[in-house]
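Please read this report with the sequence and the structure side by side, and look up each residue as the text comes to it. The account moves from aromatic rings to a helix, then to a cavity and a single side chain.

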Amino acid sequence: MVELQTVSLKKKSKKVKSGQHPKRVNKRSPASESNLASDGETSHKLTHQQELAAIAKNDPEFFKFLQQQDADLLHFNESDVDSISAGENGDVSVTAMESDADESATNETSKVSVDDDGRRIVDQPSVDALREAFVSSEKTPSWAVRAAVKAFMACVARVGANIDSPNLVINDDKVFEDVIRLCFRHLGASLYEVLGPTIKWTAKEEPGDREEFSSAVEGTCIDRYKRWRKWNAVAKQYLHALLLFLNEVQNADVVVCTLRAAAEVAELYVHFSRLSRSLIKAVVRIWGRKTLDCRLASMLVLCKVVRVSKHFYPTVLKSCYLEYVSNVREVTPETWSLITFMQKAFAEIVHIYPAVAFPYAFVYVRQLAIHLRNAMIAKRKELIQTIYNWQFMQCIYIWAEVIVRAYSIQHEETKAITELVYPLCQVIIATMRLYPSMKYVPLRLHCIKALLLLQVNCNVYIPTLSLAVQQLDDVGLTLKKKPSKGKGTMKNVHVNCLLKASSSQLEDAGFRQMLVEELFMVHLEAVYVLRSSCAFADIVRPFDGQIKRFLKSCMNADYVRLFKSLSSKISEHAKWVDAIVAAREVHLNDQFNLGSLEASLASSESPFAKFYQSWQACKVQKESTAQMFASKVTSKKEDSAKEDANGRKVARKWQEARTELPAEVQGNGNARDIHAGSGTTPKTTRKRKKLKAANKKVHNELTLEGDQNGTDDLVDFVMSDSE
């Protein structure tokens, strides 16, 4: 039986001076100890309540101070005494705790299993007791929090992390999973509960409230939490173990769950500078290298950290940019969507504190301009390669996305970032003109797409149509040469994932078709942006002439038909715009009048708008067909691989079965050879029966094994989806 000693509170003999906090005097009462020995646990509880009532009656000021500073003392229970004593001895174990708060009055501890090294083994009843303590209790017992932290540290030690393992060990996989789920679900909120935060943070606060909360967090931890001195060591142990677990796990679903648990306790991480920087480093690595779900969860963690503490914002900003640049060296159709997500996520991070991010954005855009200037002056191959690569092009894309996001917010703090649109456009146009080679037509198309992104969303005029028409000359020179014989198989090449076309690709008819279609879509986008301008006819007239000149020089009927439809729609839309402008009275000084005119010209019923929508529908249908084809090719490859594996397995089974047969049966070959033989003696019949029995046995084993494998695969698939 565990004997509990009462804690009696004695009133001070001196009065508390104004401006000073009264001190608590803890003394052991001999009378209360004798009452415990004689009357048991019930009399102890009554004595404690009577003492509190006496303090509240005789010294109200001291009782009010206890309520504000140490409310746990007023809500005294047995579990607190057990957890404190066990924490001082350093041997808290899940199996040594009571399974239920109501049954704890019996003061009986369960038997503890110990391994060969003397460590206590965590079993399923212990986990059930912890779960019951977290779920059933209105206020989480302190012993449950300490025990859960130590059990989680044992889980981290089990996965191979370099951690000082407690005197606990977990050997069962189910217990391991239950402890991880329990800690991720309840331990974060329980830590906040035992720490007793004085300010609660919510994601729906205004920017001013967020800055006020951030300044409060950057203050002393003692002011931030009521019981920081008592629980900071336990909190740090859990945060450190969670970080190590995040670095060790590889499964995408487990990584997402771990990131969610880290986001829940991000407010605690910011009080430990070294742990916070390690967390940012690990999360940024996941943000740049894992699956889309993992990147999304890591994005939430980073946003939570920088919103809680503004001090780590520059570290997060620079780390994310460097991780982005280092992971865009190669671009494939599979990674294009991930890169686009990183661009949008980085734009969101920049605009959390745009005033702080502007100097970094200015420096990074200036670095692009400096590299470009060096390449333009020297004209050396290695300097040109520093510009004509995926890292430089993706940096252009990401800053274009940042500027577009700044224009969409329309806030006073983002005004400085919007001013970077002009230098970025100058960098993009100079990049196009750096090395005018036909092989770099795909790169110049990417530059035009970045300019179109800025033109559409930033409400600025950029001569994208002029730059697009200039590319027709290079494409026309390429089309003058006939494609090589035996080629035309590069129809599945993605021009979006290319910066430079090789000589063999330029000579291939399939690649030429993809390149011309991509150039046509760029022209279509550039004209569609200008459709609502009242000066549309004057803007497109010179470019329409260049398009017609290209049609005369082009010998391919498909390409001529494609651009001829574009030229005819441009002429039709120009006449439609002139008719509307002539029918209305236009005042160039009246901005409201011009705005209403442009709104009417941007109607979806205009000739070019209908033409653009039809082509967009064709593009979407073509992309969906390509995805279906790619999925079919992938499934065929997987099926062929499975068939090869099954064929090898069948061959191995037949070989094993033949080795188990008698030597005389093996010498006669398979069943077909036996049937073909002319012998009908009883000896031959016995050999034939043995071989048939062996064949039937092997066939049954293979069928049964195939059914079992199919069932196991289905179960694993369902489990992975449910997790």
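Tyrosine 225 has a relative accessible area of 0%, and since buried means under 20%, this residue is buried. The model is a predicted one, and every value below should be read with that in mind. Tryptophan 228, at 8% relative accessibility, likewise counts as buried. A search of the whole structure finds 23 aromatic pairs. The rings of tyrosine 225 and tryptophan 228 have centres 5.4 Å apart and planes at 20°, and because planes under 30 degrees apart count as stacked, this pair is stacked. Another pair is made by phenylalanine 520 and phenylalanine 563, whose ring centres lie 5.7 Å apart with the planes at 85°, so this pair is edge-to-face. This second pair links distant parts of the chain, since phenylalanine 520 belongs to helix α26 and phenylalanine 563 to helix α28 (residues 557-583), 43 residues apart.

The two pairs can be set out together.

| Pair | Distance between ring centres | Angle between planes | Arrangement |
|---|---|---|---|
| Tyr225 and Trp228 | 5.4 Å | 20° | stacked |
| Phe520 and Phe563 | 5.7 Å | 85° | edge-to-face |

Both phenylalanine 520 and phenylalanine 563 are buried, and they belong to one aromatic cluster that also takes in Phe550, Phe608, Phe611 and Trp615.

Tryptophan 228 is also one of the buried residues of helix α11, among which are Trp231, Val234, Tyr238 and Phe245. How far apart should the ends of helix α11 (residues 228-248) be? At 1.5 Å a residue, the 21 residues of this helix should span 30 Å, and the C-alpha atoms at its ends are 29 Å apart, which agrees.

The structure holds 1 cavity of 30 Å³ or more, and the volume of the largest cavity is about 30 Å³. The residues that line this cavity are Val475, Thr478, Leu479, Arg512, Leu515 and Val516, which by class amount to 4 nonpolar, 1 polar and 1 charged residues.

Lastly, glutamine 343 lies in helix α17 (residues 333-350). Is glutamine 343 buried or exposed? Its relative accessible area is 7%, so glutamine 343 is buried. Leaving aside residues up to four places away in sequence, glutamine 343 touches Tyr324, Gln394, Tyr397, Ile398 and Glu401.

Definitions and conventions: Residues are numbered from 1 along each chain as its sequence is written. This is a predicted model: local features need pLDDT of at least 70, side-chain atom pairs count only at pLDDT 80 or more; totals for chains, interfaces and linings use all residues. Side-chain values use heavy atoms; hydrogens and water are left out. Helices (H or I, at least four residues) and strands (E, at least two) are DSSP runs, numbered from the N terminus. Buried means under 20% relative accessible area, exposed over 50%, partly exposed in between (1.4 Å probe, protein chains only). Contact means heavy atoms within 4.5 Å. On a 1 Å grid over the protein atoms alone, a cavity is a set of points where a 1.4 Å probe fits but cannot get out, and a pocket is an open set with protein on both sides within 12 Å along at least five of seven lines; lining residues have an atom within 4 Å of a point. Grid points are joined across faces, edges and corners, and a volume is the space filled by probe spheres set on the points. Ala, Val, Leu, Ile, Met, Phe, Trp, Tyr, Cys and Pro count as nonpolar, Asp, Glu, Lys and Arg as charged, and the others, Gly among them, as polar. The expected span of a helix is 1.5 Å times one less than its number of residues. Rings of Phe, Tyr and Trp (its six-membered ring) pair if their centres lie within 6.5 Å; planes under 30 degrees apart count as stacked, over 60 as edge-to-face and the rest as tilted.
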